[in-house]
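Please open the model in your viewer and keep the sequence panel beside it. The tour below moves from one selection to the next and says what is to be found at each stop.

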Amino acid sequence: MGGLARRATVIKDLKKEGKELITLEAGNSLFKGKRSPSSVERKKARLIATAYGRMGYQALNVGSDDLLAGIEFLRELQGEIHLPLLSANLLGRKGGKPTFKSHVVFDLDGIRVGILGLTSDARHNEGVPPEGYFVSDPIAAAKRVAAELAKDCDIIVALSNLGSFKEYTKLVQQVKEIHFIFGSGMGKSYHQTIRPDGGWKALLLQVYSKGQYLGRIDLKVVKGARDFVDLSRKAQLEKQINSIERQLESYQKGTGSAKSIPEDKRKKYINRLEEFKKRSEAQLSELEKDSRRNNTFINTPIRLDDKIKEDPEIKELVDRFKKGL
Amino acid sequence: MAGLRYHGYGQPALGETFQCWDKKPKDSWGGLITRMAPLIVIFGLLIFCQRVQAVELTLLYSNDTHGVIDPCPT
């Protein structure tokens, strides 16, 4: 599963469909480990950055693992392949100036999308943060940048390397302008709404590590609406209702596995199924009603399995790298 | 400016001519709104359509690639 060449195929196919796309990396793309990377690992990181450039990535968050080869290495990559690296809270010790851009803004058909980057301040890697730099409180940095972005953006996305669900809950509690968080550093997949007491909410999304999946979220945005309704559940509810209907038919007619069930028990099951169907239909209708007034999204992580062809351009890059080892 | 003395519809005051009465609907606010009604409706519809017209966009995201370039065994 995974591989850069398959990821490139998916991205290029979506571009060919003419979709309005923004391609983002939430962090920890280049390295893994607790120590300074070897020269081969650095070469591989350079290859990844080149591939990202060719795939058309539009913003990359600097994760704490990405800092293992030092700031100069990242600056070189940025200069060579024009990679837009983001971090709102990786600062220089002298004067506390930002090392990379804190955010970027994209305008798609009049909808302005603000993207900010956050680096984890947890110290678990050797040599991170590199000498002469420090990672400031990510939540304070997010608060400052998000407030600025909220002035003229319709959607605010945080690319974030905070690495724990507890930290994300704090982030959403304190920075209510954020709509979506694309996370890194938690080692599993997330599709989780975080809803603090204040009434607003944000969605935390993360796919499995090592490039096995590519996350995809399709948005329908109505100018001026704040909330997003999660329509990912719609297909699931429709499937559920179909399945209940099939079971009901079988119990009512006494066919299939229901044949051997006594009639009084069958009636009980039928009642339960009918209630379940009513509840599911009510949920579906509520979802459809909400979606008419609000923004909507559907999250579909794409499994990069062998059904996806490898993109020849990126495959050649990878093969050339391997031959040179 | 005689017509501005009238607000809404009603009978002309005693002694006023019908010529003066005929001018009234044009000069009054009621007349103005009546004549502007189609424009108001069109603008209203335009604003409403802009409000409900949804823009579709797709965000792709990856994380924690950790230097892996090849497919991993499942």
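Two strands are taken to pair if DSSP finds at least two bridges between them, and the strands themselves (E, at least two residues), like the helices (H or I, at least four residues), are DSSP runs numbered from the N terminus. This is a predicted model, in which local features need pLDDT of at least 70 and side-chain atom pairs count only at pLDDT 80 or more, while totals for chains, interfaces and linings use all residues. Residues are numbered from 1 along each chain as its sequence is written, and chains are lettered from A and ligands numbered from 1 in the order in which they are written.

**The boundary between the chains**

Begin with β12(A) and strand β1 (residues 54-62) of chain B, which run antiparallel and are joined by 8 bridges. Within this pairing, select K220(A), which stands opposite E56(B) in β1(B).

Now widen the selection to the whole contact, where two residues count as touching if their C-beta atoms, placed from the backbone, lie within 7 Å; 54 residues of chain A and 22 residues of chain B take part. On the side of chain A that touches chain B, at least two residues each come from α1 (4-16), β1 (21-25), α2, β9 (180-183), β11 (202-206) and β12 (213-222) of chain A, and the largest share, 9 residues, is that of β12(A).

K210(A), in the loop between β11 and β12 of chain A, has a positive phi near 60° although it is a residue other than glycine. D64(B), in the segment after β1 of chain B, is likewise not a glycine and has a positive phi of about 50°.

How enclosed a residue is can be judged by counting the other C-beta atoms, placed from the backbone, within 10 Å of its own: 20 or more make it buried, 12 or fewer exposed, and anything in between partly exposed. With 18 such atoms K210(A) is partly exposed, whereas D64(B), with 27, is buried.

**Chain A as a whole**

Zoom out to chain A, whose C-alpha trace spans about 80 × 50 × 40 Å along its principal axes and whose secondary structure comes to 8 helices and 15 strands. Of its 325 residues, 39% are buried.

**An enclosed strand**

Strand β5 (residues 103-108) of chain A pairs with β6(A) in the antiparallel sense over 6 bridges, and V105(A) stands opposite G114(A). The hairpin of these two strands has 2 residues between them, and there D109(A) takes a positive phi near 50°. Strand β8 (residues 155-160) of chain A runs parallel to β6(A), to which 6 bridges join it, with L116(A) opposite A158(A).

**A helix with two sides**

Finish at helix α3 (residues 71-81) of chain A, where F73(A), L74(A) and L77(A) are buried. Seen down the axis of α3(A), its buried residues fall within an arc of 100°, taken from the directions from the helix axis to the C-beta atoms, so they line one face of the helix. Their cover includes α2 (39-55) and β3 (85-86) of chain A. On the other side of α3(A), E72(A) and G79(A) are exposed, and the residue that follows the helix, H82(A), has a positive phi near 50°.
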